[in-house]
Amino acid sequence: MTEMLRDRLPARVRVVEVGARDGLQNEPDPIPTEAKVAFIEALAAAGLDTVEPTAFVHPKRVPQLADAAEVMAALTRQDGVRYPVLVPNAKGLERALQSGVREIAIFSAASDGFNEANIGMTVDASLAGYDALMERAKAEGLWIRGYVSTCFGCPFDGAVAPDRVAEVTSRLLAMGCDELSLGDTIGVAHPLQVEAVVAALVGARVPIEKVAFHFHDTRGTALVNVLAALPLGVGIFDASAGGLGGCPFAPGATGNLATEDLLYLLDGMGIETGVDREAVERATAGIAEALGRQPPGRVYNASRSATRAPVRWPVRSDEA
Ligand code: HMG
Ligand code: MG
């Protein structure tokens with residue numbers, strides 16, 4: 001008999017919550033710092049062990065996150081939770097260290113076009129800059145995530161070769177990143193591309209257990225891409241509460257895969273995450289109030305509109 005899907009799935013997956021950073025960075029109207037802090041604290045309380053709170057980037061480039069230091073000062077950190085902040089350069093690292101940050105994320109890309117629009121330099125130049133930054137970050141004992149954007153397509157350069165993704169990922173790994181997050185920045189990926197990128201990573205001897213995928217759901221393919229990645233040994237996925245977000249420097253980028261949608265899929269398939277989906281929905285409802293509108297996440301909206309359901313969805317496949 002053909003091997004069943006359930007036999008090829010991991011028992012446990014880690015979800016990295018990026019809603020307060022990737023989710024909010026593109027919001028045009030100012031969001032009060034207290035609302036952001038309440039959102040981050042509610043997400044950690046929901047059981048997420050990694051919650052990205054903000055970014056120490058240039059405040060004029062991303063005005064919404066200009067209050068990064070205030071957010072970090074007001075935040076009550078929970079034991080056992082990582083709070084990585086985006087850091088693009090030495091100035092960002094200094095600001096982050098002054099805020100008592102213990103986890104950072106550096107970010108480059110698999111394509112020059114996007115990297116130049118995002119941080120004003122080629123991929124090679126950014127990696128050279130991070131080399132020096134990593135030395136200081138490692139000396140401080142920081143935990144470091146490395147983002148590779150545009151792994152499945154670039155809004156400026158078009159198609160991206162899986163070997164290029166593997167090369168940039170390997171270089172970040174060699175610099176000392178503890179975890180790599182491979183982004184589908186503009187949400188163009190499909191499952192066979194996921195398979196091709198994983199094959200290239202395996203070919204380049206990148207340890208898959210250190211790799212996260214960061215899907216944006218622009219074209220509705222984020223969850224099928226997760227489903228393609230799971231049997232290939234990928235066990236970390238980024239998601240954004242309510243499906244908020246997008247990158248201001250990637251034309252056409254919309255929200256990340258919604259955390260609730262990801263959890264619905266994983267819960268239903270009996271994959272443990274340690275995250276309480278209903279608590280994430282409550283965190284989303286809180287930030288939605290501050291935004292004055294409802295975010296697009298499908299499961300979040302389905303829960304809001306549900307009346308009295310005869311069963312508690314999803315029915316887990318191991319219970320049915
Ligand atoms: P720059 O202007 O080229 O920087 O910005 P510079 O080194 O030329 O410095 C110019 C001035 O900016 C100086 O001040 C610096 O001190 C200051 P002056 O001497 O003129 O008074 N400066 C800073 N101030 C505060 N914080 C800093 C900082 N750096 C310099 N960190 C820079 C270069 C990279 C900083 C800028 O382009 C930038 O901040 N870009 C924002 C990028 C960003 O946040 N993008 C969105 C996140 S990435 C993403 O969304 C993708 C992801 O989700 C994964 C995926 O989906 O693929 C992660
Ligand atoms: Mg992103």
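**Close-up views of the predicted model**

View 1. Arginine 205 sits in the loop between helix H8 (191-203) and strand E7 (211-215); helices (H or I, at least four residues) and strands (E, at least two) are DSSP runs, numbered from the N terminus. The model is predicted: local features need pLDDT of at least 70 and side-chain atom pairs count only at pLDDT 80 or more, whereas totals for chains, interfaces and linings use all residues. Residues are numbered from 1 along each chain as its sequence is written, chains are lettered from A and ligands numbered from 1 in the order in which they are written, and side-chain values use heavy atoms, with hydrogens and water left out. Most residues other than glycine have a negative phi. Arginine 205, although not a glycine, has a positive phi of about 60°. With a relative accessible area of 75%, arginine 205 is exposed (buried means under 20% relative accessible area, exposed over 50%, partly exposed in between; 1.4 Å probe, protein chains only). Threonine 150, in the loop between strand E5 (143-149) and helix H7 (162-175), also has a positive phi, near 50°. Threonine 150 is buried, at 0% relative accessibility.

**View 2. The magnesium ion (ligand 2) and its protein donors.** Donors are N, O and S atoms within 2.8 Å of the metal (3.2 Å for Na, K and Ca); water is not among the atoms, so sites may look incomplete. Along the chain the donors follow the spacing D-x191-H-x1-H. Histidine 214 is buried at 5% relative accessible area, and histidine 216 is buried at 2%.

**View 3. Packing of helix H5 on helix H6.** Two packed helices are described by the angle between their axes and the distance between the axes. H5 (residues 112-119) and H6 (residues 123-139) pack at about 55°, with axes 8 Å apart; axes are lines fitted to C-alpha atoms, for helices over the stretch in contact, and angles run from 0 to 180 degrees between N-to-C directions. The two helices are therefore oblique to each other (angles under 35 degrees count as roughly parallel, over 145 as roughly antiparallel, 65 to 115 as roughly perpendicular and the rest as oblique). Asp112, Asn115 and Ile119 of H5 meet Val123, Ser126 and Tyr130 of H6 in this contact, contact meaning heavy atoms within 4.5 Å.

**View 4. Salt bridges.** A salt bridge is a side-chain nitrogen of Lys or Arg within 4 Å of a carboxyl oxygen of Asp or Glu, and by this rule the count is 18. Arginine 14 and glutamate 179 are paired at 2.8 Å, N to O. This pair links strand E1 (residues 14-17) with strand E6 (residues 179-184), its partners being 165 residues apart. Arginine 14 and glutamate 179 are both buried. Aspartate 67 and lysine 36 form a salt bridge at 2.9 Å, N to O, and they too are both buried. In the salt bridge of arginine 136 with glutamate 140, the closest N and O atoms are 2.7 Å apart. Arginine 136 is partly exposed at 34% relative accessibility, as is glutamate 140 at 30%. Through salt bridges that share partners, Arg14, Asp49, Arg145, Glu179 and Asp238 are joined into one network.

**View 5. Surroundings of arginine 95.** Arginine 95 belongs to helix H4 (residues 90-98) and is partly exposed, at 22% relative accessibility. Apart from neighbours within four places in sequence, arginine 95 is in contact with Phe56, Val57, Pro59, Ala66 and Ala68.
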